[in-house]
Amino acid sequence: MYNVTLITGDGIGPEIAEASRRCVDATGVKVQWDVQEAGVDVMAREGTPMPDRTLESVRKNKVALKAPITTPVGTGFRSVNVYLRQALNLYACVRPCKSYPGVRSKYQNIDLVLVRENTEDLYAGVEFAKGAAETAELVSQINRLSKDKKIRTGASTTGVSIKPISVEGTTRIVTYAFEYARANKRKKVTSVHKANIMKHTDGLWLELSRQVAAKYPDIEFEDRIVDNMCMQLVQKPELYDILVLPNLYGDILSDLCAGLVGGLGVAPGANIGDNGAVFEATHGSAPKYKGLNKVNPTALILSGALMLRHLNELDAADRLERAVAAVIAEGKDVTYDMKADRNDPTAVGTSQMADAIIAKL
Ligand code: NAD
């Protein structure tokens with residue numbers, strides 16, 4: 001029996017969490033679910049989007065399946081998702097992007113794994129608002145230190161975000177990518193950066209990537225500048241295998257890679273640390289679909305399969321993935337986003353697609 005925290009999230013979260021829980025249970029693996037809340041709904045009631053009991057449950061169980069959580073854009077509380085990854089030091093975000101036959105996409109046979117650094121970079125949350133006293137102090141310090149490269153506007157009209165990239169954090173994630181490559185019999189790691197412009201952050205990332213790569217002569221290594229990487233992925237994704245990226249580029253390219261394999265509805269993910277793991281879809285809480293039993297549960301169900309693999313329930317993980325693949329290949333009991341015509345009246349709802357997967361299991 002495994003104790004697993006189930007974070008139901010908000011928006012479409014509760015519907016896909018329920019669908020995924022049922023699918024994991026249907027594999028026969030015994031899971032004691034500790035159901036916990038996070039997000040805007042619990043915020044409205046309790047004044048915090050992340051109650052202590054939710055974090056404590058993940059700390060205790062060390063494994064969680066998490067549905068998406070809304071983050072207000074521009075204002076409001078900071079991302080609960082980022083907070084959870086930082087609080088539990090879940091430094092490696094692993095997002096496999098794989099084509100399943102039957103999925104609607106211009107691309108076939110994609111099999112990429114994106115490894116995103118999860119704790120540093122512009123997501124560290126070190127930001128200073130325009131007009132704040134700290135910003136004035138920071139801007140004047142930056143102007144003093146940067147000599148001819150001064151910030152051209154005043155502190156009252158400038159916001160500042162800090163981008164920390166550390167030796168420890170970078171070495172750790174690039175090593176993780178190479179170890180993952182070895183363990184999963186992958187051939188190549190591509191390190192993605194913008195070292196031509198940001199010499200001391202992305203430059204450090206690239207230098208450390210090369211140092212780590214030298215310890216893995218059995219795995220091919222190359223690097224790409226992030227803008228070129230985007231174009232290459234759209235034009236010839238088959239050339240790539242494992243991508244390792246700093247936090248922000250990893251976030252953006254996750255959605256690009258999800259687009260290659262049929263959209264956000266089918267893109268799973270894992271956040272892994274030394275003391276715990278949280279499994280979640282790449283997509284967000286899609287609030288406009290809340291409560292409609294409409295969205296695709298596949299991404300979170302496949303995240304459940306990744307969780308089973310993490311628990312070493314390899315047979316159950318394979319069976320769950322095969323059941324998902326079979327339902328997608330049939331193309332009958334699938335949600336609107338998997339139909340050729342998005343208004344196809346034969347599209348089924350979230351829970352019905354989960355029922356079809358369970359029937360296959
Ligand atoms: P989103 O991923 O929620 O939705 C973007 C679009 O993708 C949707 O309009 C929908 O068309 C499609 N989509 C997403 N999930 C789908 C599914 N399961 N099935 C079918 N179609 C699906 O991204 P957004 O609209 O940019 O963000 C909404 C909220 O989610 C924001 O508050 C954002 O901060 C948050 N978010 C949370 C997480 C997380 O919890 N890890 C991740 C990303 C975004």
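Reader: What makes up the lining of the second largest pocket, in terms of domains?
Author: At least three residues come from each of domain 1 (1-95 + 267-361) and domain 2 (111-123 + 164-260). The domain bounds come from an automatic or database domain assignment. This is a predicted model, so local features need pLDDT of at least 70 and side-chain atom pairs pLDDT 80 or more, while totals for chains, interfaces and linings use all residues. Residues are numbered from 1 along each chain as its sequence is written, and side-chain values use heavy atoms, without hydrogens or water.

Reader: What makes a residue part of its lining?
Author: An atom within 4 Å of a point. For the second largest pocket, 21 residues line it, and P96, Y180, N184, L306 and R309 lie nearest its centre. The largest share, five residues, comes from α10.

Reader: What is the class make-up of that lining?
Author: It has 14 nonpolar, two polar and five charged residues. Ala, Val, Leu, Ile, Met, Phe, Trp, Tyr, Cys and Pro count as nonpolar, Asp, Glu, Lys and Arg as charged, and the others, Gly among them, as polar.

Reader: How do you know where the largest pocket lies relative to domain 1 and domain 2?
Author: Domain 1 and domain 2 both give residues to its lining, so the largest pocket lies between them. It holds about 970 Å³. Its lining has 37 residues, with T71, S79, V82, Y123 and D251 nearest its centre. α4 gives the most, five residues.

Reader: What makes a pair of atoms a polar contact?
Author: Two N or O atoms within 3.5 Å; within protein, one must be able to donate a hydrogen and the other to accept it, and residues adjacent in sequence count only if both atoms are side-chain atoms. A polar backbone atom of I69 is 2.9 Å from a ligand oxygen. A backbone N or O atom of T71 lies 2.8 Å from a ligand oxygen. For N81, a polar side-chain atom lies 3.0 Å from a ligand oxygen.

Technical notes. 1 Å grid on protein atoms, 1.4 Å probe; cavity = no way out; pocket = protein on both sides within 12 Å on 5 of 7 lines; lining within 4 Å. Points joined across faces, edges and corners; volume = space filled by probe spheres on them. Helix = DSSP H or I, 4+ residues; strand = E, 2+ residues; numbered from the N terminus.
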